Each structure stands twice: as structure tokens, then as C-alpha cells.
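Subject: Structure handover

Hello,

Please find the structure below. My notes on it follow.

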Amino acid sequence: AAEAATARDDAVRHAEECMIHEIKQQLATLPSVNRAVLGDLCAFLLDMSTHRSRSRMDVKNFALVFAPNLLDKRTSSTDPATLGHNQHMVEVLTVLITYCRDIFGVGLGRDEAEARHAALVAR
């Protein structure tokens, strides 16, 4: 069971690394001001997630709330035809927030972000 969990964690890590690479490529197409604002927002949300015991808002909850407005205004979050797309947007924003230091050079370092991610995966 422990080996299966390790293999699953490795697969999740690899998928996230691929997503981070793709995100960095996509962010390079944004104007620098937009990238900076998004980076600062992600760092702020990561910081706010440290208060999840009081606010009940962890990284995933923040991503769920902010993703539809930040990443794609063309789709309705309540339209059943777009639920898969919305889930992908939440996953992307979760990675943006969790790894904001690696992606934008702001917020917490990778070790802290990985510890937070490990806590999310454990839930």
C-alpha cells in the first residue's frame, strides 16, 4: 500500500511539473504587468491559506472560488457542459497558487509549497 501511495505521489508530482512548465510558457505570453498582478494575487492567496483553520479556506477552496473569474470568463461555472473545463481551471489555479514561488518568483519557497501540497494530497 505504501508503494502504491508513493507511485501515486510520484505520478501527481510529474503531472504538476508538466503543468508548471506549460503554465510558465503560457504566462510568458502575458504582458508583464498582468503576470505581476497574477503572481502577487497567487502569493496573497497562498499566504491566506495559512489561516485555513480559522477561515476554512485552503488553496483548493481559493482556486475553486477564483478560477472561473481569473482564467476564463467565457464559460458558466454552472453549465454542466463546462464542468470538466472548470475542474481543469481549478487544478491550474491550485498549481499557480501552490507553486507561485517557482512560477512567478514570489511567495513561499518550493519546500514550503511542497509541504502544503502534501497536506492537500493527504486529505
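**Helix α1 and its buried side chains**

In α1, the buried residues are Arg13, Glu16, Met19, Ile20, Ile23 and Leu27. Buried means under 20% relative accessible area, exposed over 50%, and partly exposed in between, with a 1.4 Å probe and protein chains only. Before going on: this is a predicted model, where local features need pLDDT of at least 70 and side-chain atom pairs count only at pLDDT 80 or more, while totals for chains, interfaces and linings use all residues. Residues are numbered from 1 along each chain as its sequence is written, and side-chain values use heavy atoms, with hydrogens and water left out.

α1 has 26 residues. From first C-alpha to last, α1 reaches 36 Å, close to the 38 Å expected at 1.5 Å a residue. The expected span is 1.5 Å times one less than the number of residues.

**Overall make-up**

The protein has seven helices and zero strands. Both are DSSP runs numbered from the N terminus: helices are H or I with at least four residues, strands are E with at least two. Of the 123 residues, 31% are buried. The accessible surface is about 7,700 Å², and 57% of it belongs to carbon and sulfur atoms. These areas come from the Shrake-Rupley method with a 1.4 Å probe; for residues, only the protein chains shown count as cover.

Contact means heavy atoms within 4.5 Å. Among contacts between residues at least 6 apart in sequence, 59% join residues at least 24 apart.

**Salt bridges**

The count is two. The rule asks for a side-chain nitrogen of Lys or Arg within 4 Å of a carboxyl oxygen of Asp or Glu.

- Glutamate 16 pairs with arginine 13 at 3.7 Å, N to O. The two are three residues apart in α1 (residues 2-27), so about one helical turn separates them. Glutamate 16 is buried at 10% relative accessibility. Arginine 13 is buried too, at 19%.
- Aspartate 9 pairs with arginine 8, with the closest N and O atoms 3.9 Å apart. Aspartate 9 is partly exposed at 36% relative accessible area. Arginine 8 is partly exposed at 47%.

**Nonpolar core**

The largest nonpolar core has 24 residues. Such a core is a set of buried Ala, Val, Leu, Ile, Met, Phe, Trp, Tyr and Cys residues joined through side-chain atoms within 4.5 Å. Those with the most contacts inside it are Ile23, Cys42, Leu96, Ile97, Ile103 and Phe104. At least two residues each come from α1, α2, α4 (59-71), α5 (83-98) and α6 (100-104). α5 gives the most, with seven residues. Isoleucine 23 touches Val92, Val95, Leu96 and Ile103, leaving aside residues up to four places away in sequence.

**Helix α2**

α2 covers residues 32-49, which makes 18 residues. Its C-alpha span, first to last, is 26 Å, close to the 26 Å expected. Which residues of α2 are buried? They are Leu38, Gly39, Cys42, Ala43, Leu45, Leu46 and Ser49. They cover an arc of only 160 degrees around the axis, so they lie on the same side of α2. The arc is taken from the directions from the helix axis to the C-beta atoms. The face turned away from the buried side carries the exposed residues Val33 and Val37.

**A positive phi**

Arginine 56 has phi near 65 degrees, a positive value in a residue other than glycine. Most residues other than glycine have a negative phi. Arginine 56 sits in the loop between α3 (52-55) and α4. At 64% relative accessibility, arginine 56 is exposed.

Best wishes
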